[in-house]
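Visitor: Please show me the model, and let us discuss the terms applied to it.

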Amino acid sequence: MIFKHIALASFAILSLSACQTTTQSEPTPVVNVPFTAPLASDFRSEIAIARYSELLNRADLTPEQQAKLYYDRGVLFDSLGMTTLSRIDFNRAVKLKPDLAEVYNFLGIQHTLMQQYEKAYELFDSALELDEEHEYAYLNRGIALYYGDRPSIAKTDFSQFLARSPNDPYRVLWVYLAQAKLDKDSALAELKTNSKALDDSQWAYQLISLFAGDMNEHAFLSGVSDGVKSEQEYAQRLCEAYFYLAKLHQAAGDTYVAADYFRLALSTNVHEFIEYKYARLELELLMEADAS
């Protein structure tokens, strides 16, 4: 399979320059990092967008039907990385049908990415008022709170999200990320406790092992292609791997390495994954911190 023919780069990391060797007493260890081609846009999504656009020109649509079409087209725009077009459609949908919880959820994510956190909180609150069982609104509000520097409240939302599926490694990891901003020792202890409910045969369990200190970066990257069955799945897995490796290095103070891993997450073109979306925000925040 094509994805098995991965390029390996000596990761000291890609854009690291002499500036790092002058600011650190020891050189960054060389790590071989797997790559794959950026994920191509799905032509079926583009065809569906064209179809929805044709349907929206019909005069006999009810407001509810129009709202649904705008929402569906907005989701497709979002999956292709066309954020502005998706936001326009989501706003049109919610004006026509103000009780679409999922639209508020998407808009909340987009306002988080624009660092408009207060507006994002309001949108996620609206989603949960309309549907208190909308579990991903808890995740996304938690992420907004995390980036809005409210880790204690963020952890509450992440814990709500985890309670709905205790065997999901990603949910366990976001609880850890929020708690680590408050107390790293208790975060690690809670991570290990929560990991007992997980299936260690899942690939994502390796993320838990990585953050728990039970697996090193080299071993983690060496196993990243295990069980992968397609180019798409491989790009998606790399997107996640790069993002969480970036968070690990960021927590250790390795800002240059973290930034390059965030860039690698963006290079996968997996637009619909939260790891892709927030890699861009992370880079913006790093640039802002560097400029201040």
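This is a predicted model: local features need pLDDT of at least 70, side-chain atom pairs count only at pLDDT 80 or more; totals for chains, interfaces and linings use all residues.

Guide: Residues are numbered from 1 along each chain as its sequence is written, and side-chain values use heavy atoms, with hydrogens and water left out.

Visitor: Why is the pair D72 and K68 called a salt bridge?

Guide: The term requires a side-chain nitrogen of Lys or Arg within 4 Å of a carboxyl oxygen of Asp or Glu. For D72 and K68 the N to O distance is 2.8 Å, so the pair meets the definition. Both residues lie in helix α3, four residues apart, about one turn of the helix; helices are DSSP runs (H or I, at least four residues), numbered from the N terminus.

Visitor: What makes D72 count as buried and K68 as partly exposed?

Guide: Buried means under 20% relative accessible area, exposed over 50%, and partly exposed in between (1.4 Å probe, protein chains only). D72 has 17% relative accessibility and is therefore buried, whereas K68, at 46%, is partly exposed.

Visitor: Which residue forms a salt bridge with D78?

Guide: The partner is K277, with the closest N and O atoms 2.9 Å apart. K277 lies in helix α15 and D78 in helix α3, so the pair ties together parts that are 199 residues apart in sequence. K277 is buried at 12% relative accessibility, and D78 is buried at 7%.

Visitor: What makes a residue part of the lining of the largest pocket?

Guide: On a 1 Å grid over the protein atoms alone, a pocket is an open set of points where a 1.4 Å probe fits, with protein on both sides within 12 Å along at least five of seven lines; lining residues have an atom within 4 Å of a point. The largest pocket is lined by 22 residues, and those nearest its centre are Y136, L139, N140, E272 and I274. Helix α5 gives the most to this lining, with four residues.

Conventions. Helices (H or I, at least four residues) and strands (E, at least two) are DSSP runs, numbered from the N terminus.
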